[in-house]
Amino acid sequence: MYWCAYAFQPQCGCDGSNSDLSLVALRGNRRGRDVSYHDEQKVHALAPKPRARSLDVLRTGRCQVNLPGRLHAMDLTLTAKVQLYPTLEQEAWLRQTVEAYRQGCHDVSGIVYATHNLQQAVLHKETYRLLRAQFGLRSQMAQSVIKTVIARYKSVLANGHPWTRVRFTQPALDLVWNRDYFLKGERFSLNTLAGRVRIPFARKGMERFFDGTWQFGTAQVVHRHGRWFLHVPMTQDVSAIDLADIPQVVGLDFGINFLITAYDSQGRTTFFPGRAVKARRAHFTQLRQTLQRRQTPSARRRLKRIGQRENRWMTDVNHQVSKALVVRYGVKTLFVLEDLKGIRGATERVRRRDRYTSVSWAFYQLRQMIEYKAALQQARTVAVDPHYTSQTCPQCGHVARGNRDKRRHRFACQQCHYRSNDDRIGAMNLHRQGIEYRVTGAIAARP
Ligand SMILES: [Zn+2]
C-alpha cells in the first residue's frame, strides 16, 4: 500500500466547513510499512524516490466497444518491460542476433526507400536471400525483418509524414510468441542465431500475467544502458460491469498543486499533493537549462541522462498515484476524467513559470495508468468535456468565469455564494457529470 489518509486542515481559502477533506500522502514505502503523516510539511518532503523496476508497463492500448448501459467487451493491452539476466555466453549470442537483425532492417529499409514499395511479397522476393546469406538470419527472422520494416514505414506514413528513410539505429529484435519465444518454467526461451537460449528474467510483478487469461504478442528484445529487456505486449479481455451496477462515482481533477483532486459519491474529497512533484520538476528544469547553455559533449550526455532520470521518476510517481487511487476506490467505481483536450489545455490554466511542471505527457501517462489499472479492477473510466468544469457552481449550476479566483485557489459563486477550494470544484463537477452519465449513458456536452 502506498497511501495513507488523514484529516486535512484546509489552508487554501475554502470556507472551512469541509470537514470531509482528507489528504492522501504518497510515497515509495521501502520497508513495506504504512506510515501516517500529520504534518503537511512532512508530506512535501515525500517526493517519491526513483526505484528500480524490473517490470514496467510501457504502453497501453484499448479496443473498446462502448454500449452505454450494457455490458461491453474490451481488450486491454499492456506492454511489460521485463529485465532479462543472460549469462555471458547468452549475452554474446543476443548481441550477435540483435545486431544482425538491426543491420537487416537497415538494408531492407534502404530498399524500401528506393522503391517506395511496401508489398510484402515483392520485398520478400528482393531481400530474403540477402538477409539469409549476408546476415545469417534464419528463415523466420528474415520474414520478421521484412515485417518490422514494413510496419515502421506504414506507421510513419499513417502519421502524415512524407517518405523519409527510416533508420534503425537502436539494437532491437522482434520475436513472435510461441514461435521465436515462449515461457519455459522460470525462463524465457528465445530464438537467436546460435539456436534457442533459455534466459532467466525478473519475475516479480509478472506472476499475475501467467494465469492463462493473458495473451502474449510479438515481443522485442532491447538492449539499453548495458541491460537487456524483453518488451512483451500482453492482452486480456476485460469485460466491464454494467453502469447500473456501479455505486461509486469519482470525479478526478488533474492539477499542479494537487496532482489529483478526487470527489466521490459519499461527498468526500481526497487531495493527492503535487507541490513536492512540482518542486522536483522545477529543479530538473533548472538543471537542464544550466546544461543547455554549455554546449560541450559531456553536457549533452548529462542532459540526456538527467532527462531519462526525470522520466523514470515521474513514471514512478504516476504509478503510485494511479495505484493509490484504484486501490482506494476498488471495484465497481466509475472514474470521471477530463477529456484529453482538457489535459493538453492544462498548460493554459497555469502561470508561465509553472508551465513546465504541467507538461502534458506526465498527465497523459497518469491518465492512461488510471484507465488500465481501473479496467483490471473491474472499474470504469469515462472522459467528459472539460469546458466550464472549473467555472460552474456545483450548488446552483451558475456558470461564470468570475466564480473562480485562480490566483488564490478560491471558488465563490456569484449567484448563491457557495465557496470552496477551486480544485475541489472541478472534481465535484466531474462527479456530477459522471452521475448523469450513469443514468443516461451519454455525456452531456456542457455541464
Ligand atoms: Zn452557486
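Against which elements do the buried residues of α4 pack? They pack against α2 (88-115), α3 and β5 (172-175), where helices (H or I, at least four residues) and strands (E, at least two) are DSSP runs numbered from the N terminus. Residues are numbered from 1 along each chain as its sequence is written. This is a predicted model, in which local features need pLDDT of at least 70 and side-chain atom pairs count only at pLDDT 80 or more, while totals for chains, interfaces and linings use all residues.

Select α4 (residues 139-158) together with α3 (residues 120-135): the two pack at an angle of about 130°, with their axes 9 Å apart, the axes being lines fitted to C-alpha atoms over the stretch in contact and the angles running from 0 to 180 degrees between N-to-C directions. On the α3 side the contact includes Leu123, Thr127 and Leu131, and on the α4 side Ala142, Val145, Ile146 and Ile150, contact meaning C-beta atoms, placed from the backbone, within 7 Å.

Next, colour the buried residues of α4, among them Met141, Ser144, Val149 and Tyr153; a residue is buried if 20 or more other C-beta atoms lie within 10 Å of its own.

Then centre on threonine 148, in helix α4, which is buried, with 24 other C-beta atoms within 10 Å. Leaving aside residues up to four places away in sequence, threonine 148 touches Cys105 and Asp174; cysteine 105 is 43 residues from threonine 148 in sequence, yet 7.4 Å from it in space, C-alpha to C-alpha.

Notes. Contact = placed C-beta atoms within 7 Å. Buried ≥ 20, exposed ≤ 12 C-beta atoms within 10 Å, placed from the backbone.
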